[in-house]
Amino acid sequence: MKQYLALFLIFFALESTEAFGQDTDTERGMKEITTDVIRAQLGFLSSDWMEGREAYEKGAFLASDYIASMLMLYGIAPFGDTQNRAGMTGDKVKSYFQNFTLIKTQPGDIQLLRIGTRTDNNTLWTDLTSNVDFIVRPGDQGIETEVPVVFAGYGFTDDSTGYNDLAKLNLEGRIILKIAGLPRFVKGYDNRERSYDIRNRLENKYKEAGAIGVLEFDPEATIIGKPSLKEFMNMSPSEGNAWQGKPYARYSIPGKNFPDAFLHYQVSARVASDLLKGSGINLEDYIKKADRNERTIIPELKGKSLYLKTTVTTSQVAVRNILGIIEGQNPDKYIVAGAHYDHIGMGNGYIWNGADDNGSGTVCVMTIAKAVASIGKKPENSIIFALWTAEEEGLLGSRHWVRNLDFPSENILLNINFDMVSRYIADDDRKRVTMTYTDSYPWFRDITADNLKNYGIDLTVDYKPSDNPPGGTDHRAFVEAKIPVIRIKPGHREEYHTPKDEISTVNWDIMEKIVRIGFADTWNLANRKWKK
């Protein structure tokens, strides 16, 4: 019995020592996380010198040089491209940068849209006017085609409520005429992030059903686009609305094949009315019923087609991700702590400095890197610190990296993503954040809850497990690759995507708390033996 007791005491002592050591490591790292550290980094990244950090512009390259220099200062090893060491032939070294090219496409000179109405003997074509009757967002290539039209209401489907605008509709080879937005019964229909996720899900359904594009209309918008202004009407920035004044452009990652074209048009209510004429569809009645989640049988549009022709101009732009690493005892297993460092840029006399979006997430990753490096020992698994470019153009930086790994994607244990972490969800709700995570890893929640308690981080967390974690930010690139994710954030505020997203609006206390829980989770998860 004494032997068993002695063995138990030895085992307990070893376990206690290990736990104590782990706590000491985390506490040591926590000392590096201060408001001054956060404020200093964010002050530079969200300054006017960065010119809004638009992915392919000078400000983004200045910001990326600064971020890389800080990672070097903190002792984080580079994990980007391999290149020749300056002045030495054949001597290869790693860089902090992953350089790559995006394809930029903009509308060309020809943008045509015509409505065809078939009669017994022929088809009558009605020419529509660009920037009055329609706006087109061209894809990567110009197109010319004639297609039939199908009206799909809101084009909304939802298994949980049984609502389905697409039931019994043939979308194959057709373009969808749909009402902008969502029925009012849809929970969170006016929430920007939720509506973004719903739109993406629905567009994938349209593509799977064989549709070639959508015509979207607001029933109240009799014309579409913006009027041209005479020079004397062009207000100074202080008097006019904040907009960049730049023509529409689309950015994409080059692939071995041309991507399938999916067309996006906005059309006026009078175009929609012309297409619906004679169909028997009462638009006002349909909207009222849809808002109440009542089903409407949508009749087929007969005798209506569209002639479409668009051209595009195409060019290449150079961009770069920033990547650093602290190698672990298992060097080929990775935790990826990531955030996008780009923002919208500047134009028309304004600068979109993006303090919250996403200077805050960038600083979060940089400060976690500083804290981990200060511990002075290897974690069990490697930690990659990734700052992505071109998130604002479609999550392109993170998608490029995930799709071009030089190791198996299964070696990535987790992506923990930080995007917009410096604002209260509301001024009277100063502790609440949402944690979205992969639901097949319930212990992510347990670890987070323990770290909040153990290190006195005063946050109220709404845990949101999901088998397909939503959100319009970089963790989606990892979700698409079947890699587990965590995302912690408060919420969008009214300054989102406006020039007013300045450092003066930052709530430093909640940002510091999110950096602390982000660090605690990152360090804890990097030192775990992984299991589902």
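A salt bridge is a side-chain nitrogen of Lys or Arg within 4 Å of a carboxyl oxygen of Asp or Glu. The model toured here is predicted: local features need pLDDT of at least 70 and side-chain atom pairs count only at pLDDT 80 or more, while totals for chains, interfaces and linings use all residues. Residues are numbered from 1 along each chain as its sequence is written, and side-chain values use heavy atoms, with hydrogens and water left out.

Select lysine 431 and aspartate 458 to begin. Their closest N and O atoms are 2.9 Å apart, forming a salt bridge. Lysine 431 lies in the loop between β19 (412-417) and β20 (432-438) and aspartate 458 in the loop between α9 (443-454) and β21 (460-466), so the pair ties together parts 27 residues apart in sequence. Helices (H or I, at least four residues) and strands (E, at least two) are DSSP runs, numbered from the N terminus.

Next, select arginine 320 and aspartate 65, a salt bridge with its closest N and O atoms 2.7 Å apart. Strand β14 (residues 304-326) holds arginine 320 and helix α3 (residues 58-74) holds aspartate 65, 255 residues away in the chain. Arginine 320 counts as buried because its relative accessibility is 12%; buried means under 20% relative accessible area, exposed over 50%, and partly exposed in between (1.4 Å probe, protein chains only). Aspartate 65, at 43%, is partly exposed.

Continue to lysine 370 and glutamate 32, whose side chains meet in a salt bridge of 2.4 Å, N to O. Since lysine 370 is in helix α7 (residues 355-375) and glutamate 32 in the loop between α1 (2-30) and α2 (35-45), this pair ties together parts 338 residues apart in sequence.

Finally, select Asp25, Arg28 and Lys377, which a network of salt bridges links.
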